[in-house]
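Thank you all for making time this morning. I would like to walk through one model, going from its helices and its sheet to the sites that a record and a ligand mark out.

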Amino acid sequence: MCGVLGIALADQSNGVAPELFDGCLFLQHRGQDAAGIATCGQRGRLYQCKGNGMARDVFTQHRMAGLVGSMGIAHLRYPTAGSSANSEAQPFYVNSPYGICLGHNGNLVNTLSLRRYMDEDVHRHINTDSDSELLLNLFASELEKHNKYRVNNEDIFLALEGVYRLCRGGYACVGMLAGFGMIGFRDPNGIRPLLFGERSYPDGTKDYMLASESVVLKASGFNVYRDLAPGEAVIIPKDCGKSAPEFKQVVPMNSYRPDLFEYVYFARPDSVLDGISVYHTRLQMGIKLAENIMKNMDPNEIDVVVSVPDTARTCAQECANTLQKPYREGFVKNRYVGRTFIMPNQKERVSSVRRKLNPMESELRGKKVLIVDDSIVRGTTSKEIITMAKESGALKVFFASAAPAIRFNHIYGIDLADTKQLVAYNKSTEEVANELGCEKVIYQSLNDLIDCCKTNEISKFEVGVFTGNYVTGVEDGYLLELERMRALNKAKQCDAKAEFDIGLYNAADY
Ligand SMILES: O=P(O)(O)OC[C@H]1O[C@H](OP(=O)(O)OP(=O)(O)O)[C@H](O)[C@@H]1O
Ligand SMILES: NC(=O)CC[C@H](N)C(=O)O
Ligand SMILES: [Mg+2]
């Protein structure tokens, strides 16, 4: 799912890097594997700092001092394609034409043909397995077609039109052209989120921001903001203190289908995406889930409701309210351990759950407990949690999920290449309960989940992870290739991080 961010300051004598760093902290939950910032200073010179790790580890004070300039972009990576190698940290850079950097949230699902196109038609070398490097090179090759000494906005929009024509999948991107300006664009179905905002000064000048979630804009004082529409792009000039950004609907909106999983798990509750408050959807999920629980079992069987912190807390509290049962903190989260689901390998995920969540014996012993989580994916969390609850003396454990059973790949931004890793894959709900070791599992229905999130403007969502039907479809062989690459990368997981890439501008040399 990744986080992307871009800031252009009106006052070109100001440095943008500290504010990009602060913004990254607000987006850290979207990607913990790698972080990167690229800035643009005088005479179009680009500066970068990126590599594996969380923002606070990658952006040390010393490295930040080297990030010069009033305009810059940032990326927090959760790998979905390729590996978690250092060389796939973003933003990516190509020197020709004009010097371009790109940060991408999402996943392309026609990478097989795009790779062939890069090789056979436009003769560009792609040095990693990342789909984002492909995307950047596609944009570069489209821009190159104008064969101009200097580009203008029209050329950039035309190049983006080419990108939209060639790419299939989910993409919300921020980019930067050396000395020229910043760009933002969103895929024609609006699968991944991207917002644009401005911050005004008394003299009438404005700073501009692009971000994956509204929470960053709001917290940084960019109080006027909106979502980019599916298929829409914006160009923010480097001298944005003098010239205004230009928006263009580059291709017609195909549909408006934000990924439902943003509301279930990805996004922060204090964000509003596509006009929908994440927090309110999670409250609704709790109410609907409780109604479903009442249909599926006798609520008298439940003594206490507990959540799996953090994401499920909002939903669990509202579920308890609706059920008229006490809500208790049954597990205390260690705030120094990050999100487990987005960790790159299973071994790390399993050991992290126990380090991260510690049972409160006093709230569990002798009780019939309903545990509420936002989703059950691989079952790593739920299995451990249920075992811990039982070890702590719970008499019975029921497990409710605010999302429906997950039986399919998430192709637009979750690392779920292998469906066999999903605990519900090929299993009935009873079999899942058996596998997890609890008395009962209750899932939210998809219709209910959609009802919790929809508005007058948006009534459809990307729900392929629940149904196997994806809004863009996938090219033949894509899923097989993804699984093959995943297996390959898993085998060399330890080496991947230590590998030395060629270091041509994309090096994460720190
Ligand atoms: O079935 P699984 O494969 O374990 O995945 C699902 C779990 O992973 C996520 O939690 P995570 O720890 O990533 O983050 P959170 O603290 O935001 O809930 C999610 O909230 C579920 O708890
Ligand atoms: N989660 C994401 O948005 C990932 C972006 C890109 N597909 C990568 O793997 O780097
Ligand atoms: Mg969780």
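Before I name any element, a word on terms: helices (H or I, at least four residues) and strands (E, at least two) are DSSP runs, numbered from the N terminus. What you see is a predicted model, in which local features need pLDDT of at least 70 and side-chain atom pairs count only at pLDDT 80 or more, while totals for chains, interfaces and linings use all residues. Residues are numbered from 1 along each chain as its sequence is written, and chains are lettered from A and ligands numbered from 1 in the order in which they are written.

Where does Thr311 have its place? Thr311 sits in the loop between β16 (304-307) and α10 (313-323), whereas Asp373 belongs to strand β20, residues 368-373. A residue counts as buried if 20 or more other C-beta atoms lie within 10 Å of its own, as exposed if 12 or fewer do, and as partly exposed in between, with C-beta atoms placed from the backbone. By that criterion Thr311 is buried, with 24 other C-beta atoms within 10 Å, and Asp373 is buried with 22 C-beta neighbours inside 10 Å.

For contacts, two residues qualify if their C-beta atoms, placed from the backbone, lie within 7 Å. Leaving aside neighbours within four places in sequence, Thr311 is in contact with Tyr265 and Asp374, while Asp373, with residues up to four places away likewise not counted, touches Val308, Ala312, Thr381, Ser382 and Ser401.

Strand β20 leads us to the sheet, where two strands are said to pair if DSSP finds at least two bridges between them. Five strands form an open sheet in the order β17-β16-β20-β21-β22, with parallel pairing; its edge strands are β17 (327-328) and β22 (440-443), each of which pairs on one side only. Between β20 and β21 (residues 396-401) there are six bridges, in the parallel sense, and Leu370 stands opposite Phe398 in β21.

Of the 17 residues around ligand 2, Cys2, Tyr78, Pro79, Thr80 and Asn105 come nearest. Strand β6 (100-108) and helix α5 (131-144) each supply at least two residues of this shell, and the largest share, four residues, comes from β6.

Finally, which residues of α1 are buried? They are Ala17, Glu19, Leu20, Phe21, Gly23, Cys24, Phe26 and Leu27; with eight of the eleven residues of α1 (residues 17-27) buried, the helix is largely enclosed by the rest of the structure. For comparison, Ala219, found in helix α7 (residues 214-219), is partly exposed, with 15 other C-beta atoms within 10 Å. The C-alpha atoms of Ala219 and Asp22 are separated by 9.6 Å, although the two residues are 197 residues apart along the chain.

Notes. Near = placed C-beta within 6 Å.
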